[in-house]
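Hello,

Here is the structure I said I would pass on to you. Please have a look at it first, and then read my notes below.

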Amino acid sequence: MDWNQFLFVVFPYISLTLFIAVTIYRVVYRPFTVSSLSSQLLERKQLYWGSIPFHHGVLWILLFHLVALLTPKVLLLWNAVPLRLYLLEISGFILGLWALVGVVFLFWRRLTVPYVKAVTTRIDILVLLLTLISMLTGVLTASLYRFGSVWFTGVFTPYLWSILTLQPCPELVAPLPWLIQLHVFNNFALLALLPFSRLIHILSWPLDYLIRPWQIVIGMRDRKATK
Amino acid sequence: MDVRTHMSMIFHLDKCIGCHTCSVACKNLWTDRKGAEYMWWNNVETRPGTGFPTQWENQEHFRGGWERKKGKLDLKLHTRLEGIFKLFYNPSLPGLRDYYEPFTFDYQNLFNSPKKDVQPIAEPISMITGDPIDIETGPNWDDDLGGSNIYAKNDVNLEDLPQEVREQMNELERLVFNYLPRICNHCLNPACVAACPSGAIYKRDEDGVVLVNENDCRAWRMCVAACPYKKVYYNWNTGKSEKCILCFPRMETGQAPACAHSCVGRIRYMGVLLYDADQIPTAANVPDDELIAAHREMILDPFDPKVIAAAKENGIGDDWIESAQNSPAYKFVKEWEIALPLHPEFRTMVMMYYIPPLSPVVSVTEKSLFRLDLMQEDYDFELFDRLDAARLPIKYLANLFSAGDEGTIRTVLRKLLAVRIYMRRKTVHGKVDSVSRKTLAEAGLTEEQAIDMYKMTTLPTMEERFVFPNYHREMSIKAILDPLTHKGEVGLGYIQQPKRGE
């Protein structure tokens with residue numbers, strides 16, 4: 001087994017298996033441990049400069065990745081006009097940079113503020129480190145290997161689909177520069193870490209809040225209807 | 001009519017001596033844990049004062065409760081969409097500084113210190129970081145008006161009082177305070193429930209207790225900000241929100257909540273209130289001066305056959321209805337109308353009620369001097385006719401208990417005073433004269449009511465103060481399940497340790 005086989009076939013499958021199995025176990029059997037573990041109560045000034053840029057940046061970036069994975073044609077059609085391509089690339093780059101700045105703030109805060117250190121575990125540091133690498137390699141890739149939104153659909157869309165459909169094609173990723181390979185490997189590592197860390201809060205999407213009734217009443221007694 | 005039941009607590013503030021036994025009982029039972037050190041599910045504040053957390057009533061700052069916007073009731077904290085966008089950082093969340101940094105003392109140093117020329121000391125250390133700290137504040141830092149020109153002066157409820165009254169309240173001869181014990185109000189229109197993006201907070205149907213399902217809580221912390229009473233707390237260790245549970249495990253076994261049970265002044269009463277859930281949306285959405293009336297309207301008469309029929313239709317058992325008929329809460333809130341909600345203008349429709357205090361010592365002004373040596377009958381009637389002479393300004397009480405409406409407070413205080421005058425005649429003088437009867441009538445009370453109020457205030461037994469219905473928890477168990485399964489589902493002890501996730 002060569003390195004490519006391990007890094008881009010075996011490891012992704014290990015990550016995916018851990019991600020699915022452990023996440024289900026934790027959400028179903030250990031729901032108390034699922035939390036975003038906010039530390040805003042203990043420290044809020046630096047959190048403001050870290051959390052908001054990071055989350056808003058990374059959400060859009062992930063959304064772009066998802067669009068490229070699910071509907072590559074839409075992306076290619078959008079990029080057909082150069083102006084639109086530049087617009088997408090520039091906004092993607094800025095959002096990535098924004099997220100990077102956020103994660104640097106968060107990392108700095110976690111290492112230096114005593115109140116935050118009191119609620120910091122080793123796995124928190126690992127999560128931040130991998131996230132930092134992810135953001136850094138992502139931003140560098142976007143600036144050094146133009147234009148990501150064009151070649152992504154030719155390389156990563158088929159590669160990720162090959163993984164998901166259980167017909168892995170590591171040869172798609174093998175010839176890429178090491179920086180991009182690191183980005184891929186690192187993100188699979190993050191995926192593996194997700195169910196073991198606070199990252200599991202990524203899966204909480206409280207969107208039903210937008211439509212649910214304001215009040216929730218739960219009782220043991222049989223009741224005609226509870227409003 | 002949608003009749004539902006609620007366990008309600010009454011606080012008789014005239015009887016509160018500010019001993020904090022309730023707070024300590026609660027702390028020992030529920031919040032003596034890592035991450036919960038700073039929480040006081042039950043706390044007692046000195047009023048005037050800034051309370052806990054500091055200035056919690058200032059909703060321009062903390063944005064708790066509900067707000068009427070164009071005739072519609074909305075959270076003051078956020079719209080639903082804003083709520084989603086504020087998940088990552090919640091600007092209205094109180095910080096640890098707004099509470100206090102929990103501390104202990106390094107007692108080990110007293111034993112381990114090397115030999116020195118000076119005595120070793122137990123240095124204060126933070127219970128969060130473990131580092132030595134300078135204690136700058138703590139719970140009840142302004143107890144009994146300690147530092148009142150820093151704390152009491154900043155009481156939000158003093159804001160619309162005339163400047164000279166405010167200044168007088170700072171003069172040594174005029175200093176006046178009362179205590180305000182607070183627990184979660186277990187509201188009918190709770191803002192914490194409405195603000196929770198995860199839908200983890202809910203109201204129990206059978207007794208109205210508002211609970212956090214910590215398995216669903218994801219630490220978005222909106223509940224902490226949305227509660228106008230700041231009675232939901234965030235546990236920084238477990239990453240879950242926590243709040244007063246009204247000691248429901250005790251109530252289900254017929255015991256009063258720890259705070260009420262341990263109350264030295266016996267100021268607390270508990271009982272069932274029947275209310276009409278259909279009226280909640282309308283009653284929460286009336287102008288400020290109609291809030292108290294709408295709130296009282298929503299509480300139903302447990303003797304009314306129509307109410308009883310509707311209650312039975314809703315599956316409420318006979319013993320609960322009977323309990324509601326014997327409830328001291330019903331007497332204070334609805335029959336005598338002397339118990340008022342705390343800050344009804346927050347529009348969460350609280351279900352814990354306060355009987356506002358008569359001033360601690362009655363005094364009158366004479367040639368702009370205060371006289372305390374008046375004949376009793378003189379100052380009794382003096383105050384009854386001129387409540388503005390009360391040492392605690394009526395407006396201040398009105399800001400606390402009736403959304404600024406002084407009329408409501410005057411009515412309540414008149415009733416309390418009339419009973420006091422009437423009973424004094426009866427027990428001290430041995431006979432009731434026409435003047436005190438007239439006073440009683442003017443206050444809107446009959447003699448029987450006055451005697452009932454007197455008995456319930458001064459002489460109640462434990463069974464009269466706490467009237468608990470049978471919860472029938474055994475009925476909620478599915479009889480087809482293995483008894484050993486039930487054993488793991490109810491009772492004491494953790495099924496899983498509440499351990500912090502990574």
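Is N187(A) buried, partly exposed or exposed? N187(A) is partly exposed, because its relative accessible area is 29%, where buried means under 20%, exposed over 50% and partly exposed in between (1.4 Å probe, protein chains only). N187(A) belongs to helix 8 (residues 178–193) of chain A; helices here are DSSP runs of H or I with at least four residues, strands are E runs of at least two, and both are numbered from the N terminus.

Before the rest, a word on the conventions. This is a predicted model, in which local features need pLDDT of at least 70 and side-chain atom pairs count only at pLDDT 80 or more, while totals for chains, interfaces and linings use all residues. Residues are numbered from 1 along each chain as its sequence is written, chains are lettered from A and ligands numbered from 1 in the order in which they are written, and side-chain values use heavy atoms, with hydrogens and water left out.

Next, a helix pair. In chain A, helix 2 (residues 45–70) packs against helix 4 (residues 82–112) at an angle of about 140°, and their axes are 7 Å apart. Axes are lines fitted to C-alpha atoms, for helices over the stretch in contact, and angles run from 0 to 180 degrees between N-to-C directions. By class, this contact has 16 nonpolar, 8 polar and 1 charged residues; Ala, Val, Leu, Ile, Met, Phe, Trp, Tyr, Cys and Pro count as nonpolar, Asp, Glu, Lys and Arg as charged, and the others, Gly among them, as polar.

Now for some backbone details. Most residues other than glycine have a negative phi, and most peptide bonds are trans. The peptide bond from R146(A) to F147(A), however, is cis, with omega near -10°, and F147(A) sits in the loop between helix 6 (122–144) and helix 7 (148–164) of chain A. In chain B, the bond from F52(B) to P53(B) is cis, with omega near -10°; P53(B) is in the loop between strand 2 (43–47) and helix 2 (59–62).

R221(B) is not a glycine, yet has a positive phi of about 65°. It counts as buried because its relative accessibility is 4%. Phi of A403(B), also not a glycine, is positive, near 55°, and A403(B) lies in the loop between helix 16 (394–401) and helix 17 (406–429) of chain B.

Enjoy exploring!
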